[in-house]
Amino acid sequence: MSVIDIHINDFNKDLAWSENPTQYIQYLKAILNWWPEVTGWDRITDLVQQKKGKDITIILPDGKTKRLQFKFRRRDYGDLLIEYRHDYHIGGYFLGWIEKEGDIDYLIYCSPQRIFRIEWSTLVNAWKQNKEDWLANYDLTPAINKEYDTRNVGIRWNILKEAGVNFEEYLCGSVLT
């Protein structure tokens with residue numbers, strides 16, 4: 001494989017794609033589908049809070065809130081891509097989002113055709129119970145970034161359900177690109 005054949009991920013480019021207004025409207029439609037009584041939301045822009053997994057906090061009529069973390073994928077592969085580690089090209093690593101303590105109620109997992117609302121606590125528990133098996137059986141080729149490689153497992157939805165992960169699916173009204 002030549003250098004030309006290697007795809008290098010660009011976080012900023014991927015973030016801009018995920019925040020495209022057409023995409024964003026679909027995410028908001030899904031949130032309103034799951035929480036039709038929502039009275040408002042706060043989009044978290046503080047980097048410290050985002051690193052704790054909070055992207056949006058929605059506000060319910062009783063004053064309670066739900067903390068949502070968003071993950072995006074440009075294509076639907078029929079699985080949940082779970083990021084467990086980043087390996088720096090110069091040595092060392094840092095933990096992926098599944099391995100970090102997060103102040104999250106739901107992971108909102110978005111592809112162009114489907115959006116999933118995943119109960120965070122059930123996902124973390126399933127990861128802890130199945131980590132070794134999932135790493136042995138579902139580890140993917142590392143995704144290359146500019147300064148590090150991202151390590152992921154791709155877990156199919158039926159396997160997640162069998163492992164006790166609670167989730168709901170929202171079908172997008174139109175296919176996004």
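Reply: Start with I59. Setting aside neighbours within four places in sequence, I59 is in contact with V38, T39, G40, W41, K64 and T65. Bear in mind that this is a predicted model.

Where does I59 sit? I59 lies in strand β2. Is I59 buried, partly exposed or exposed? I59 is partly exposed, with a relative accessible area of 32%. That value falls between the 20% limit for buried and the 50% limit for exposed, so I59 counts as partly exposed. D42 is 17 residues away from I59 in sequence. In space, the C-alpha atoms of I59 and D42 are 8.0 Å apart.

Now look across from I59. The bridge partner of I59 is T65, in β3. T65 is also among the contacts of I59. Strand β2 covers residues 56–59, and strand β3 covers residues 65–72. The two run antiparallel and are joined by four bridges. Together β2 and β3 form a hairpin, with five residues between them. G63 is in the turn and has a positive phi of about 90°.

The structure holds one cavity of 30 Å³ or more. The largest cavity has about 50 Å³ of space. C110 is one of its lining residues, along with R73, R75, D76, Y77, G78, D79, Y109, S111, R114, F116 and W157. β6 and β7 each supply at least two residues of this lining. By type, the lining has five nonpolar, two polar and five charged residues.

Next, the nonpolar cores. The largest has 23 residues. Those with the most contacts inside this core are L80, I82, I98, I118, L123 and L160. Several elements give two or more residues to it: β4 (79–88), β6 (106–110), β7 (114–119), α4 (120–138), β9 (148–156) and α5 (157–162). The largest share, six residues, comes from α4. L123 shows how this core is joined up. Leaving aside neighbours within four places in sequence, L123 is in contact with L80, I82, W97, I98, L107, I118, L160 and V165. A second, separate core of 18 residues includes L28, I31, V38 and I58.

The partner of β8 is β9, and the two pair over two bridges in the antiparallel sense. A143 stands opposite T150 in β9.

Finally, step back to the whole chain. The protein chain has five helices and 10 strands. Buried residues make up 40% of its 177 residues. Take the contacts between residues at least 6 apart in sequence: 61% of them join residues at least 24 apart.

Technical notes. Residues are numbered from 1 along each chain as its sequence is written. This is a predicted model: local features need pLDDT of at least 70, side-chain atom pairs count only at pLDDT 80 or more; totals for chains, interfaces and linings use all residues. Side-chain values use heavy atoms; hydrogens and water are left out. A nonpolar core is a set of buried Ala, Val, Leu, Ile, Met, Phe, Trp, Tyr and Cys residues joined through side-chain atoms within 4.5 Å. Buried means under 20% relative accessible area, exposed over 50%, partly exposed in between (1.4 Å probe, protein chains only). Contact means heavy atoms within 4.5 Å. Two strands pair if DSSP finds at least two bridges between them. On a 1 Å grid over the protein atoms alone, a cavity is a set of points where a 1.4 Å probe fits but cannot get out, and a pocket is an open set with protein on both sides within 12 Å along at least five of seven lines; lining residues have an atom within 4 Å of a point. Grid points are joined across faces, edges and corners, and a volume is the space filled by probe spheres set on the points. Ala, Val, Leu, Ile, Met, Phe, Trp, Tyr, Cys and Pro count as nonpolar, Asp, Glu, Lys and Arg as charged, and the others, Gly among them, as polar.
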